[in-house]
Amino acid sequence: MAPAATLTPTENVRALLAQHDFRALKAALADWPAPDLARFVAQQPEAQLLILFRLLPLHQAAAVFGYLAPVVQNRLLSHLAPEQVTAVLNDMAPDDRTGLFQRLPATFVKTQVERLAPEERRVTLELLGFPHDSVGRLMTPDYIAIREDWTMTQVFDYIRRHGASAETVTMLYVVDEQGKLLDDVHIREFLVAEPTARVQQVRNNIFVCLDALQSQDAALADFRRYQRVALPVTNAAGVLLGIVTLDDILALREREDTRDMQKLGGSESLDEPYLEIPLAKMVKKRAGWLVVLFLGEMFTATAMGFFEGEIEKAVVLALFVPLVISSGGNAGSQATSLIIRAMSLGEVTVGRWWQVMRRELLAGLALGVILGIVGTIRIALWQGLHLRDYGPHWVPLALAVGFALVGIVLWGSLAGSMLPLLLRKVGFDPATSSAPFVATLVDVTGLVIYFTVAYLFLHGTLL
């Protein structure tokens, strides 16, 4: 084995773990950042996972536990002794503990809440009392609150006494005797002020706060708009209840984006890591949409049957069905993805549907013309180079395909852009208008457009 000095920290820990040198292993783990240690711990087999976690000091174990994926947290909770679980939960950040309790069975949560220290139990019950998707579930009560008549010396004395337990000291919150929020001030304002200056001299009375009952999506928009590392949370009376920090917002954004991407792919959101979710559960989540899409595609076969007579007279029309239909589905999928993302970023709202329709009308028309020209040239080129003989009526055939592409791509763009807005209007998640769903919708209607245009151009010749 290589000397310890030449090993990377990860290799060194693996070697100590293999040698069962737990004293050296505990010392080696002490300096690891919690996110890196959580990633390493989660990759270990269950036996090593338990050994590593039990070697960590309580505060470090609680920090690492907060960074673990839910499935790994559940594995640890099922193997740790009850007193170990209680100790870790007591030492966790309140917002992380609330997030964990939201994912656990109610009976287990009830037991664990009863075992918490009195102050931690009070905070936990308060946070769990807010609606599931509200800002109140994200906030932490660990912040630095100061009075406006304090001097800079008093402020820093207070930070030295209480800063270690605060979620962040980047922002300090000015409150009155009733706890009402008066201002939030960046710590740099205190660092550059004279020691005898008072808080009221450095505050500017301009601040942004979240309401405890507002939606988490609204909080995401506020963080994006104001570019803050933390925002205070108040009740209807303006009393400061807690703060929401950027790490919680980033975690929320990641979960939201993951769910949206999975739904856009034509599947229910998995809610668990791909390699950890049971196979039967994953099949169940994917099968429903596939059945719906399959049934939808059956209407495509019905539409083909309706135009069976035209196909029998001009079999050549069937050659271009995949080409034409896929173009409409692709255009619709593009529009759907763009609109859903724009809605999640707050760039598009239901009230601006006409602007969206107008843009997609022009964009769809331009894209349809481009593809129509390419399709027409393709038929002419194959005919001219004798790569394929489309018969004496190849010119109206080429024009039929070209104009059909214009109509189908235009329709696909409009359908793909309007469907997410319609779903939002009636209260559904826009992400459920998945790309495969839009493609299926456009397939059926696209066939009608294609054969109708073909009939107009080829009537009296092939048809």
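What follows covers a pocket, some aromatic rings and a sheet.

Keep in mind that this is a predicted model: local features need pLDDT of at least 70, side-chain atom pairs count only at pLDDT 80 or more, and totals for chains, interfaces and linings use all residues. Residues are numbered from 1 along each chain as its sequence is written, and side-chain values use heavy atoms, with hydrogens and water left out.

**The pocket**

The second largest pocket holds about 220 Å³ of space. A pocket here is an open set of points on a 1 Å grid over the protein atoms alone, where a 1.4 Å probe fits, with protein on both sides within 12 Å along at least five of seven lines; lining residues have an atom within 4 Å of a point. The volume is the space filled by probe spheres set on the points. Of its 15 lining residues, Asp 184, Val 185, His 186, Asn 204 and Ile 206 come closest to the centre. Strand E3 (181–186) and helix H12 (187–191) each supply at least two lining residues, and E3 gives the most, with 4 residues. Helices (H or I, at least four residues) and strands (E, at least two) are DSSP runs, numbered from the N terminus.

**Aromatic rings**

The whole structure has 7 aromatic pairs. Rings of Phe, Tyr and Trp (its six-membered ring) pair if their centres lie within 6.5 Å, and planes under 30 degrees apart count as stacked, over 60 as edge-to-face and the rest as tilted. Two of the pairs are edge-to-face:

| Pair | Centre to centre | Angle between planes |
|---|---|---|
| Trp 32 and Phe 40 | 5.3 Å | 70° |
| Tyr 143 and Tyr 173 | 6.2 Å | 90° |

The tyrosine pair links distant parts of the chain, 30 residues apart: Tyr 143 is in the loop between helix H10 (118–128) and strand E1 (145–146), and Tyr 173 is in strand E2 (residues 171–175). So are these two tyrosines buried or exposed? Tyr 173 is buried, at 0% relative accessible area, while Tyr 143 counts as partly exposed at 21%. Buried means under 20% relative accessible area, exposed over 50%, and partly exposed in between (1.4 Å probe, protein chains only).

**The sheet**

Three strands form an open sheet in the order E4-E5-E6, with mixed pairing. Strand E4 (210–211) and strand E6 (240–245) are the edge strands, each pairing on one side only. E4 pairs with strand E5 (residues 230–234) in the parallel sense over 2 bridges; strands pair if DSSP finds at least two bridges between them. Leu 210 stands opposite Val 233 in E5.
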